[in-house]
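Here is a short tour of a multi-chain model, written for someone who likes to know which chain touches which. Please have the viewer open, with the chains coloured separately.

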Amino acid sequence: MTECLTKTSKKVLTKGNYAIANAAVLAGCECYFGYPITPQSEIGEFMSGKMQELKRAYVSAESELAAINMVLGACSTGAKAMTSSSSCAVALMQEALSYAAADELPVVLVSVMRAGPGLGNIYPSQGDYNQATIGGGDGDYKLIVLAPATVQECVDLTYKAFYLAQKYKNPTVLLADGLLGQMMEPVEFKEYPYPEVDNSDWALTGAKGRPGRIIRSYAPLADNQCEFLKKLHAKYKLIEENETEWEEINTEDADIILVSFGSPARNAKSAMKECRKLGIKVGLLRPITLFPFPSKRISELADTAKKFISVEINMGQMIRDIKLAVNGKVPVELINRPVGNPPSVEEIVERIKKESEE
Amino acid sequence: MEKNFIIAGFGGQGVLLAGEVLANAFMLDNKNVTWYPSYGAEMRGGTVNCEIVMNDSEDVSSVNKAETDFIVALNQASFDRFLPKVKKGGWMIANSSLVTEAKTRSDINYMFVPMTKLADDLGNTKMTNILSLGVLAKASGLTDPKLLENALDQVLPPHRKNLLPLNCKALKIGYEYDLSLARA
Amino acid sequence: MTTLTQTFKVPESIKKGSKFSFCPGCDHGVAVRLVAEVLDELNLRENTIAVASIGCSVTLYDFLEVDSLEAPHGRALAEATGIKRARPDKFVFTYQGDGDFASIGMAESMHCALRGENVTAICINNTTYGMTGGQLGPTTLLGQVTTTSPTGRNVEYYGYPVKIAEHVALCDGTAYSARVSLDTVPNIKKAKAAIKKACEIQLKGLGFSFVEILSTCPTNWRMSPQQAHNRVREEMMPVFKPGVYKDITEKEL
């Protein structure tokens, strides 16, 4: 499996985890630091061989704490660096993600969600929507969060994660779930499609012929911290304006709009089509960026749709962002599975039938 | 057209590999295909299954299907577990070496093939999984031995390539098995 | 008329016009200066990436004219690992306190040494958490009174202090581990020699190099600078014995 992946115009049947790892290599990732956890261990396994073969950096870190901090270190030099992990172990990384946001470092984290809280189990889940989009680190910070729904998107959005991280000097999360990580689909590994971002004005390279640079988050004076936060949030606003991405189908005339990200969005899409066959006007909005969230678009659609339904594998997390966007204009309901595979198409259709009758 | 398949057995029977070969065969036939495994903490010995969804259209396939068009059950536990999941008019293809022949549902098609015995006759029990793909190809008409052979060539790692001829034989035995016997 | 030559000056690696913000009598200032002198002497300033850690040591980047990264508490050697692996041609060192290195960051520190990362770590051991107001730390001596050991460190509640340089020396990836003190001028000279040796070991690519510096914290110890240095000598040095605990270059002799 690991040997056969390189750049190819031919489609290859690839597991989500390998697709992410190979895409990272093709995106020019120079350093991988990681610690094993199911269901994403294939990423580290692939990287251990590939990075050494390419004479790039690889460390089997002693913990996720160490792994993410190694990424911060590598990123501070302008290198493209990443780690990958899952749920309870991404929890360990929250401190460093807050630092990375404050330090404005282009960290890339692949988070392949499993069930929590605590150790939970290795079944797929979307229970870390909040962990990724709100975060568990300290302070007012934001991570860019990208959510693939297919194995091909695992490739495309890994490329994009490296680019956006560099472009905005902001930690970026590729948020997949255990199902996508283990799923195989034919994918194409095209060339990394984004321009390289010049980091020569901030990267630590040794203070040759110039004063020393400091990458820091410590702001001893309150005024400094206010200015810094304003600047940081101006950047987040820019990201919202430029980078919000979603897929939208059949929403123009829709009475009910399903909102779903990641693997459940596949079933939501099929359910939408089934409902259309039954004459129920259902549309789908699939957020591809979770931060920035397509709030503005959802708010617009709330003027014409009669109801929104969030389809998630958790107890209802993204639904909060939908409600904020809808702002009370119409009801927002939830179709969910707490953990495991996404709600089945049949389940979603049945529920939509009920909701449309109300 | 969309068709889905579940291949199930106990750990070590090569269920996931068989699924991967089938998925590759569909890919080589320019179909959209999605493969995903069942989950379990077991490394060996537990029951294992994977689902393959094949799709003709441009659409992304849905997952976690309530019903299945074709189920390949390599052991009794899988047969019992997945029998209720066979779609009306769908197929239960069972390894009769390890599964008791019983037809408790009248709305589906059954096929009982002594796959393990046939693999043993070929000289390698481990060929059971690939042999089952031959049977599946014949029963479904959705793929053929040539595509499966090419898929095997892609899936087998370099250090297992020496087993390719034997695997191809197993495919052929499965494909050419007298289906009138299987339905009996 | 005699020509005067300046023989003692501010090192090039110290930021122009910077003033140390450390408390009077604190040895951090001496330690930072020694590091700066060594960077000058080995001509490393323009090729260095320093990692500052949390605690009083974080202010390192305000005084050194080098590229610096601030690490979260305890993670300095993880960040240093990332930097060195990404840019092996850079000179990479951390400047940490004992709490950062040997309490919250013990795992990162020891594993960095065990992997034999080709970086240098300087650890200031002042037997207390200085910046937060003098609480008990991993190196607080038995009997020592701190704000969280009001009747003195006892084994029942607090366990034993850690001898950092000895533990680091046990790691196979460690090329050099030494403990020095700054209580007298001769010892300051020895300390500088140890720092220089540690840096040279990194330049030779031999593995992890480490210097533990016994240091004062007059403010939290409630002592004058003189009393504080007496304490280093009389109370710390008998437990934390200065010396070279590992030096793989010695074998070459």
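The report below goes through the chain contacts and then turns to one helix. Keep in mind that this is a predicted model.

**Which chains meet**

There are 2 pairs of chains in contact, and chains A and C share the most contacts of these. Chain B and chain C are joined by no contact, and their closest C-alpha atoms are 29 Å apart. The table sets the two contacts of chain A next to each other.

| Contact | Residues from chain A | Residues from the partner | Chain A side by class |
|---|---|---|---|
| A with C | 35 residues | 30 residues from chain C | 20 nonpolar, 9 polar and 6 charged residues |
| A with B | 21 residues | 18 residues from chain B | 9 nonpolar, 7 polar and 5 charged residues |

**The side of chain A that touches chain C**

For this contact, 35 residues come from chain A and 30 residues from chain C. On the chain A side, at least two residues each are supplied by β2 (31-34), β3 (57-60), α3 (64-76), α5 (94-103) and β10 (214-215). Which element gives the largest share of this side? That is α3(A), with 9 residues.

A strand pairing also links these two chains: β10(A) runs parallel to strand β2 (residues 67-70) of chain C, with 2 bridges between them. To find the pairing on screen, pick A:Ile214, whose bridge partner in β2(C) is C:Ser68.

**The side of chain A that touches chain B**

Here 21 residues of chain A are in contact with 18 residues of chain B. The elements of chain A that each supply at least two residues to this side are β1 (8-15), β6 (121-124), α8 (178-182), β9 (184-189), α10 (264-277) and α13 (345-357). Among these, α10(A) gives the most, with 4 residues.

**A helix in chain B**

Next, take a look at helix α3 (residues 115-122) of chain B, whose buried residues are B:Met115, B:Thr116, B:Leu118 and B:Ala119. Why do these residues lie on the same side of α3(B)? They do so because they cover an arc of only 160° around the axis.

What do the buried residues of α3(B) pack against? Their neighbours are β5 (86-95), β6 (109-113), α4 (128-140) and α6 (164-175), which belong to chain B as well. After α3(B) comes B:Gly123, which has a positive phi, near 110°.

How values were computed
Residues are numbered from 1 along each chain as its sequence is written. Chains are lettered from A and ligands numbered from 1 in the order in which they are written. This is a predicted model: local features need pLDDT of at least 70, side-chain atom pairs count only at pLDDT 80 or more; totals for chains, interfaces and linings use all residues. Ala, Val, Leu, Ile, Met, Phe, Trp, Tyr, Cys and Pro count as nonpolar, Asp, Glu, Lys and Arg as charged, and the others, Gly among them, as polar. Two strands pair if DSSP finds at least two bridges between them. A residue is buried if 20 or more other C-beta atoms lie within 10 Å of its own, exposed if 12 or fewer, and partly exposed in between; C-beta atoms are placed from the backbone. The arc is that of the directions from the helix axis to the C-beta atoms.
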